[in-house]
There are 2 protein chains.
Amino acid sequence: MNELPRAVVLLSGGLDSTTVLAIARSQGYEPCALSFRYGQRHAIELERAREVARAMGVTKHVVAEIDLRVFGGSALTGDAEVPKGRRGDEIGGGIPITYVPARNTIFLSFALAYAEVLGATDIFIGVNALDYSGYPDCRPEYIEAYERMANLATRAGVEGGRPLKIHAPLSSMSKADIIRTGVALGVDYGITCSCYDPGPEGQPCGGCDACLLRAKGFAEAGFEDPLLQRSR
Amino acid sequence: MNELPRAVVLLSGGLDSTTVLAIARSQGYEPCALSFRYGQRHAIELERAREVARAMGVTKHVVAEIDLRVFGGSALTGDAEVPKGRRGDEIGGGIPITYVPARNTIFLSFALAYAEVLGATDIFIGVNALDYSGYPDCRPEYIEAYERMANLATRAGVEGGRPLKIHAPLSSMSKADIIRTGVALGVDYGITCSCYDPGPEGQPCGGCDACLLRAKGFAEAGFEDPLLQRSR
């Protein structure tokens, strides 16, 4: 039996990264999941990441500890209020206060270290340039520049061999496209968590940007969100 | 009184990063030091970084906690033996086993987050392409690619403003050049620690690559190493 090539998949346990995990598997990779404990408000996110990894048969799942609070500076790791009830046209405008400085750059750097240790040359990340146009580190030109840098940073860049590839399969997909893709690949969205400010049992608040984008995506895709069924 | 522009300086407490701190200060920056607790063998490194920051009047010094051991894979964070007594021509050859996967990429990513929070656009790192030719992430082309990526990753890249600059002032300097520069800037090398495998009080082992390069540098620069005077 041939072994599948390994790929590092950044997994938050949210809708996007769970879909990316399914995509990586469908493309013939053995996904090795990487999650972070980074001072986020809700531990529920990591529980969901573990549940997703289990449900999707992932055998390697590493949780790396990083503390971004040492720098301060953002709602998702600090004490600022998460904005609620914004209209769709407000969500895309400017850099949101939920932006975490250099977060994807830090996450990808850990992914790079993990890939190097695994001997993997593929990294999957669920960034999306459409819904999150306000985040500079979700844009395709950023991912391309990261990939170029990564190929100079690692043994592969010195010793030759297969170049490192950063896959961002959701980059130009709408939330509805993402959901349709995941449903077709058998993803159970009932175990994912998207909310920026969930209740103690992981119930979505329904009002933050992430909840609003998710609801809009399910409505456009023509599916009912199984998470809402589960919450009822 | 005008405020000096802030710069993030990666500070390990070693000879190179201490010199870089002095260079940043001499160029008119207020250095904000960033060190890491990353599962390294010796806590002495961080003590020296604190001592260096204090001695050089640094008012902001952040120590970020990251655990690279979660991935395994290198002598400096694992259980492999640090090589001792290698000849100079052996030190440069190939990627040494003391190489930590993606370490500089991770360190720079934290520096990027810190810079963004501080509103700084300058990052100083003590990489050196001559003595450590075996480390892919010490090469000038790597630093340039990192800078390019960083400018796409951050608010500055979206909102305009002064671009982010990664300064690697030691890049093409010999160890003797570095020591001469530091001595001219008043650096006290007696409080720095370079050794990969120091004794409990921080005494250099004298045999690892870092000790050998340091000894050669002091000999070529024509100075006695104050650390050896202190250790006696």
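Across which strands of chain B does helix α2 (residues 44–55) lie? Helix α2 of chain B lies across β2 (30–37) and β3 of chain B, and runs at about 170° to β2(B). Helices (H or I, at least four residues) and strands (E, at least two) are DSSP runs, numbered from the N terminus. Angles run from 0 to 180 degrees between N-to-C directions, with axes fitted as lines to C-alpha atoms, for helices over the stretch in contact; contact between two residues requires that their C-beta atoms, placed from the backbone, lie within 7 Å.

The model is predicted: local features need pLDDT of at least 70 and side-chain atom pairs count only at pLDDT 80 or more, while totals for chains, interfaces and linings use all residues. Residues are numbered from 1 along each chain as its sequence is written, and chains are lettered from A and ligands numbered from 1 in the order in which they are written.

In chain B, 5 strands form an open sheet with parallel pairing, in the order β3-β2-β1-β4-β5; two strands pair if DSSP finds at least two bridges between them. The edge strands, β3 (61–65) and β5 (165–167) of chain B, each pair on one side only. On average, neighbouring strands of this sheet are turned by 25° against each other, direction ignored. Strands β1 (residues 6–10) and β4 (residues 122–124) of chain B pair in the parallel sense over 2 bridges, and V8(B) stands opposite I123(B) in β4(B). Helix α4 (residues 103–118) of chain B lies across β1, β2, β3, β4 and β5 of chain B, running at about 160° to β1(B).

Chain B is superposed on chain A by a rotation of 180° with 0.0 Å of shift along its axis (RMSD 0.0 Å), by least squares on the C-alpha atoms of residues with pLDDT of at least 70 in both copies. That is the relation of a two-fold axis. In chain B, the C-alpha of I66(B) is nearest the axis, 2.7 Å from it. Of the interface residues of chain B, 100% are also interface residues in chain A, so the copies meet through the same surface.
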